Structures are given as structure tokens and as C-alpha cells.
Amino acid sequence: MGQHHMRSRISIGATQTIALVLALIIMGWPALLNGAAFFFPDTQTYLRGAGTAVYEVTGWETDWSDRHELLRKTAENVPIVGDRVDDRLVEQAANSPQELAHPVLLGRSVYYGLLMLPFVSLFGSLGGVFVQAGLAVLVLWITLRALGTGQGRPLAIWVLVATLALAMFTSLPFFVSLLMPDVFTGFAVALGLSALVGWRRLNTFEKVCLVLIACFAAISHSSNVLILSAMLALGLVVRFWCRNVQTVGIMILAIAATSGVVSERVFVEAVVAKLGEPPIRPPFLTARLINEGPGLQLLIEKCPEIGFEACRFRDRMPQDSDSFLWSLKPTEGVFSVESHAVQRRLAEQDSRFAWETFRAYPIKVVQHSAAASVRQLFMIKADIFNLRPSEIGELPPRYAEEVLQSRSAAGEMPMHFFDIGIYLTTLMATGVLLFAVARGQSHEHRVAAILLLGTVLANALIAGALSKPHNRYNARLLWVLPLAAGAIVISSRRNPGARCRNEDN
């Protein structure tokens with residue numbers, strides 16, 4: 001009897017191991033088909049920032065430390081007067097033969113780059129993909145466990161089933177295959193939901209992994225801090241209605257969001273110590289408000305008296321906000337083509353520009369923000385996976401060669417099919433979640449559906465109001481909807497009588 005039990009346990013363990021390995025491979029199938037990871041124009045900023053930081057600290061030279069001299073150039077030439085950067089002297093230096101490098105930017109997480117750098121350097125771009133694939137499988141495991149799935153058969157089998165479904169009909173495997181922190185937005189939402197409604201179902205290892213990945217999601221991109229904060233606010237509201245929202249889950253979300261804020265502060269202090277000046281956040285609000293109209297109206301009616309740096313560039317407006325920020329054409333771009341000092345002034349005036357625009361035209365700003373958020377809510381295509389090499393930017397030779405030989409460079413990735421899949425799975429999952437809210441037998445599932453749908457709406461509000469709407473802002477997290485909907489359908493059959501309790505478990 002004992003030997004039979006031992007063989008049974010070994011057999012179950014082998015089955016789970018095989019299932020998880022298959023899930024890992026399936027999760028990265030787009031990169032395997034493509035022949036390389038997918039790159040985005042911002043990818044090189046994340047990896048070069050990390051490569052430069054590692055080189056400065058350790059002397060380890062990689063393909064991604066190829067521009068470390070730009071950091072030295074900035075550090076050596078930034079003029080300091082007292083405890084601050086002298087803008088007038090910076091302007092003079094920027095126009096001298098030894099032109100300054102642009103300031104270090106906030107919003108391109110060095111922490112994400114540091115996670116990816118060793119794997120990408122040692123194993124090529126696919127190394128980074130399989131780090132993200134492993135984390136995705138772990139997130140699925142935790143989420144399914146937290147939502148009550150996994151009874152009756154090994155949880156690894158459910159993870160494999162979920163992986164197959166998500167890999168065939170959602171954007172998840174594509175964002176796993178993209179060397180960008182976008183996939184961590186979905187991780188943050190799935191794990192935030194798990195902490196709020198299913199924390200008590202997790203074992204110690206799963207709880208530790210949840211906290212670590214949620215915190216890393218927050219430090220990998222500033223938008224994830226806002227999304228986690230929105231989930232925290234929703235959790236607090238629902239907590240007063242139904243005690244199925246667990247107090248410890250609210251604490252986890254608070255810790256994760258705080259870690260994002262603290263990590264950014266640490267980065268700022270490190271840059272100041274190295275360069276003598278803080279990094280800057282690109283003027284996203286200025287660009288968006290000018291593009292939408294109210295900001296441009298402010299410049300037309302109140303410049304030059306209002307004293308904004310943007311007044312100097314009215315002849316280049318109106319422009320799309322992406323052109324304002326990133327275009328290198330002197331007749332179109334503003335932020336990226338101007339000097340160090342101009343960039344810094346635009347960034348420092350960003351919040352004041354937004355406030356003055358709102359104060360002058362409050363109704364128009366609200367109308368445009370609401371319209372942008374609605375547009376964002378319905379933009380769900382995975383439209384960044386057939387970029388041409390020229391759209392990605394200048395990569396180190398090794399990775400540029402990978403991109404040139406990939407299917408995506410030739411526009412051959414079958415994205416139309418997956419766009420249809422994303423629409424259909426999003427619609428069906430939304431229907432299931434709305435039914436759970438209106439008629440669901442389990443209060444826990446009702447709470448989970450409210451939290452998840454509310455977070456998707458919050459994401460649209462955040463992205464639409466603070467940045468230009470883009471498909472990827474939604475596509476990167478919508479895969480959580482069918483995952484949660486499937487878990488609710490499966491687990492509701494086993495726990496049909498669950499009800500909201502009056503005491504916190």
C-alpha cells in the first residue's frame with residue numbers, strides 16, 4: 001500500500017512537471033514562431049539604461065552598455081551652481097561643440113531592464129521571453145488557486161488548460177514575447193485580484209511570490225502604481241459593502257504601490273548622486289492637452305505673457321502628442337529635438353501647464369479627457385507585433401540582426417486572427433463577469449467581477465486622461481478577463497452556496 005501511494009505521488013508530480021514545462025513553452029510560442037523576441041522603440045531605453053548602470057557600477061560591458069559614454073558626457077558637462085543646475089549655463093553648453101546628452105528620463109524603469117539584462121545578454125532576446133513566460137505561468141497558478149480552481153485534479157493541469165486557451169485567443173503570449181514591462185500590468189491586475197479575494201487559499205510560497213511579483217510590477221512602470229492604487233481604492237469601497245474583500249489584500253496592494261513610489265525615489269537619488277541633476281519625466285500632459293485642443297488654445301490666447309516654454313514652439317503646433325514628444329524632425333517635434341535645458345523646463349512646467357489649462361477651460365478639458373478615456377476603453381488590438389526595423393530604432397548589432405531575420409520584420413505575424421480572438425474573448429468574458437455581478441450565486445465571485453471590471457475602467461481613465469490612447473494600454477491586461485471568467489465558471493460549480501460573511505476571514 002505504501003509503495004503504491006509513493007508511486008502515485010511520483011506520477012502526479014511528474015504529470016504536474018510536464019504540464020508546467022509545456023505551459024512555459026506554449027506561453028512563449030509567438031517569439032518561437034517569430035524567431036526572436038518582439039522589440040518596441042522603448043525597449044532599447046530600458047535595456048541600455050540597465051546596461052549603462054551595470055557598467056558604471058561593475059565594469060561589465062555588454063551589448064547594451066554601448067552608449068555609456070553619453071552618461072559620462074552628461075555628468076562631466078552639467079554645470080552646477082550651488083546645489084542646482086544652472087539653466088543658462090546648460091543652454092550654453094548644449095549649443096557648444098560638446099553638446100550635452102539629453103537628461104535621464106523617468107518612466108523607463110531601470111529595474112525592468114536589470115531583470116532582463118543578464119538573460120538577454122547571455123541567451124539572446126529569447127532569454128528575456130522565457131523569464132516572462134515563467135512568471136506568467138506562476139501568475140496563472142496563483143490566480144487560479146486564489147479564485148478556487150484546482151480541486152478535483154492537479155492544479156498544473158488547469159494551468160496548462162488556461163495557458164492553451166489564453167495562448168490561442170488572447171494577447172497574453174504576445175506580451176510575454178515582447179521585451180517591455182507591459183506584461184507586468186496584467187500580472188499586477190491578476191495578482192491584485194488574487195490578494196483581495198483569494199489570499200487565504202494560498203500557501204506560503206504562493207503568497208511570497210504574489211507579493212514579490214506585484215511589487216516588481218509596480219517598480220517596472222509608473223502606470224502600474226496608478227492601476228494598483230485604483231484597485232486599492234476599489235477594494236476599500238467594496239470592503240464596506242462585503243467583507244469578502246480581505247484586509248490583508250488591501251495591505252498587499254498598498255505595499256506594492258508604495259514600493260513603486262519608493263523605488264522611483266531611490267532611482268532619482270542615484271541619478272542625482274551620479275550626474276548632479278535629477279531625471280525628468282517627459283511632459284505627457286502638455287503634449288496631450290496641446291494635441292486635444294485646450295492646451296493649444298491656452299498658448300494662442302495667453303503667450304508669451306503666461307511664460308511657458310511651450311510658447312516658443314507654437315509654429316510647430318498642432319501636432320500629434322507622440323510627434324510633440326518623440327519626433328526628431330525639427331519642424332514637428334519639440335521635446336526630443338530640443339536642448340537639455342529646454343527639455344528640463346518643459347518637464348518641470350508640465351503639471352503647472354495642465355493646471356493652467358484646466359483653470360482656463362475646465363469644461364473642455366473634462367470633455368476631451370472623457371472622450372479620450374472612452375476611445376481608450378474600446379482600443380484593444382495587438383497592433384505592435386509587426387513593426388518594421390526602422391520603427392523600432394537602432395539596436396545593438398546582435399539584436400538588430402535578430403529583428404531583421406524575424407517574421408515580424410516582414411509583417412508576417414498573423415495578428416488579424418488574434419485581434420478577432422481578443423474581441424471575442426473580451427466580450428464573452430465581460431458577459432460572464434456582468435452576469436456574476438447581477439445574478440452570481442457566490443458573493444466572492446460577484447466581488448471579484450466588480451473589482452476586475454472596475455480596474456479595466458480605471459485603466460482606460462488613467463491612460464486616456466494622462467496619455468494618448470493606444471491599443472496596447474488595453475491589450476496588455478485584457479487577458480485577465482477570460483482567465484478570471486473561466487475560473488469563476490469552473491469554481492462556481494463546486495461552491496454554489498458561498499455567501500458574503502459578516503466577519504473577515
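1. Let me start with helix α10 (residues 183-198) and α23, which pack at an angle of about 150° with their axes 10 Å apart in this predicted model. Angles over 145 degrees count as roughly antiparallel, and α10 and α23 are therefore roughly antiparallel to each other. The crossing in which α10 passes α23 is right-handed.

2. Who makes that contact? On the α10 side the residues are V189, L193, L196 and V197, while α23 brings E444, V447, A448, L451, L452 and T455. By type, the residues of this contact of α10 with α23 divide into eight nonpolar, one polar and one charged.

3. Helix α23 (residues 443-466) also meets helix α22 (residues 415-439): their axes come within 8 Å and cross at roughly 130°. That angle makes α22 oblique to α23. The crossing of α22 and α23 is left-handed.

4. For this second contact, α22 supplies T430, L433, L434, A436, V437 and R439, and α23 supplies H445, R446, A449, I450, L452 and L453. The residues of the contact of α22 with α23 comprise eight nonpolar, two polar and two charged.

5. Next, the glycine at G235, which sits in helix α12 (residues 222-241). Is G235 buried or exposed? With 0% relative accessibility, G235 counts as buried. Leaving aside neighbours within four places in sequence, G235 is in contact with L196, V245, I250 and L451. The C-alpha atoms of G235 and I250 are separated by 6.6 Å, the two residues being 15 apart along the chain.

6. Finally, the core. Which residues touch the most other members of the largest nonpolar core? They are L193, F385 and W479, out of 119 residues in that core. Leaving aside neighbours within four places in sequence, F385 is in contact with F38, F174, F175, L178, S408, M413 and M415. As a general background, nonpolar side chains tend to be buried together in soluble globular proteins.

Technical notes:
Residues numbered from 1 in each chain as written. Predicted model: local features only at pLDDT ≥ 70, side-chain atom pairs only at ≥ 80, totals over all residues. Heavy atoms only, no water. Axes fitted to C-alpha atoms, helices over the stretch in contact; angles between N-to-C directions. Helix = DSSP H or I, 4+ residues; strand = E, 2+ residues; numbered from the N terminus. Parallel < 35°, antiparallel > 145°, perpendicular 65-115°, else oblique. Left-handed = near helix turned anticlockwise from the far one by under 90°. Contact = heavy atoms within 4.5 Å. Nonpolar A, V, L, I, M, F, W, Y, C, P; charged D, E, K, R; others polar. Core = buried A, V, L, I, M, F, W, Y, C linked by side-chain atoms within 4.5 Å. Buried < 20%, exposed > 50% of the residue type's maximum accessible area, 1.4 Å probe, protein only.
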